[in-house]
Amino acid sequence: MTIYRVGDLQRYLANGEYPELKDYPLFESNFVQVTRSGEVANRVTMAMAASSPSLELPDLMLLAVPVPYPTEECMCENPTAKFVPREQLRLTQLLPLKFVKIYVHDESRYQFKVKLVSGRIFYLQLLAHPKKVDYIFGQWVQLIYRLHFYRMDAPICYLQVFPGYNPVYTRVTVPASSRRVS
């Protein structure tokens, strides 16, 4: 049985600041942005989403950063008992995946390399519970693999029926460069 847990970014989007994104199912995880040598820079939440239920694979990447809750004086009966809420997120980037390439950078440190079409490159290291980090990293690797090999600009394979024959099927591959986009 798979248990689906709503992540922090999904919860943030459901609050309504981005109403068109609130119903998108997300695959999200927390990461720390690291330098190429592995020094920690800041925390980031990365998510993949499909902009339409009819899509088989995600077509959007969302990046969010934590923002601290405003600190206010407690006027409650027991000011010493403090409730520490989960941190809020702020959506910083929403990118179509056709403008993003994601690679495994260092498997032993659970790091990914994210390259944007603009040429900007950054590295993300998975931030997860030690007992779950292998599983979650494996899920990301599977998703990245599918994104690399099942892209929208990859050749389409389909069966073609030739008239005049009792159904004869031939496998035809159409290169991405000769496709029409309407």
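Let's start with the sheet. Seven strands, 7 in the count, form an open sheet in the order β4-β3-β2-β1-β7-β6-β5, with antiparallel pairing. Two strands pair here if DSSP finds at least two bridges between them. Strands are DSSP runs of E, at least two residues; helices are runs of H or I, at least four; both are numbered from the N terminus.

A word on the source. This is a predicted model, where local features need pLDDT of at least 70, side-chain atom pairs count only at pLDDT 80 or more, and totals for chains, interfaces and linings use all residues. Residues are numbered from 1 along each chain as its sequence is written, and side-chain values use heavy atoms, with hydrogens and water left out.

Now one pairing in detail. Strand β2 (residues 40–49) runs antiparallel to strand β3 (residues 60–67), over 5 bridges. Take Thr-45: its bridge partner in β3 is Ala-64.

Next, the aromatics. There are 7 aromatic pairs in the structure. Rings of Phe, Tyr and Trp (its six-membered ring) pair if their centres lie within 6.5 Å; planes under 30 degrees apart are stacked, over 60 edge-to-face, and the rest tilted.

Phe-112 and Phe-137 are a stacked pair, 4.9 Å centre to centre, with 25° between the planes. This pair links distant parts of the chain. Phe-112 sits in strand β6 (residues 111–116), Phe-137 in helix α2 (residues 133–149), and they are 25 residues apart.

Buried or exposed? Both Phe-112 and Phe-137 are buried. The cut-offs: buried is under 20% relative accessible area, exposed over 50%, partly exposed in between (1.4 Å probe, protein chains only).

Tyr-145 and Phe-149 form a tilted pair, at 4.7 Å centre to centre and 45° between the planes. Both lie in helix α2, 4 residues apart, about one turn of the helix. Tyr-145 counts as partly exposed because its relative accessibility is 49%. Phe-149 reaches 53%, so it is exposed.

Ring pairs also build a cluster: Phe-27, Phe-31, Tyr-110, Phe-112, Phe-137 and Trp-140.

Last, Tyr-150. Its place is in the loop between α2 and β8 (156–161).
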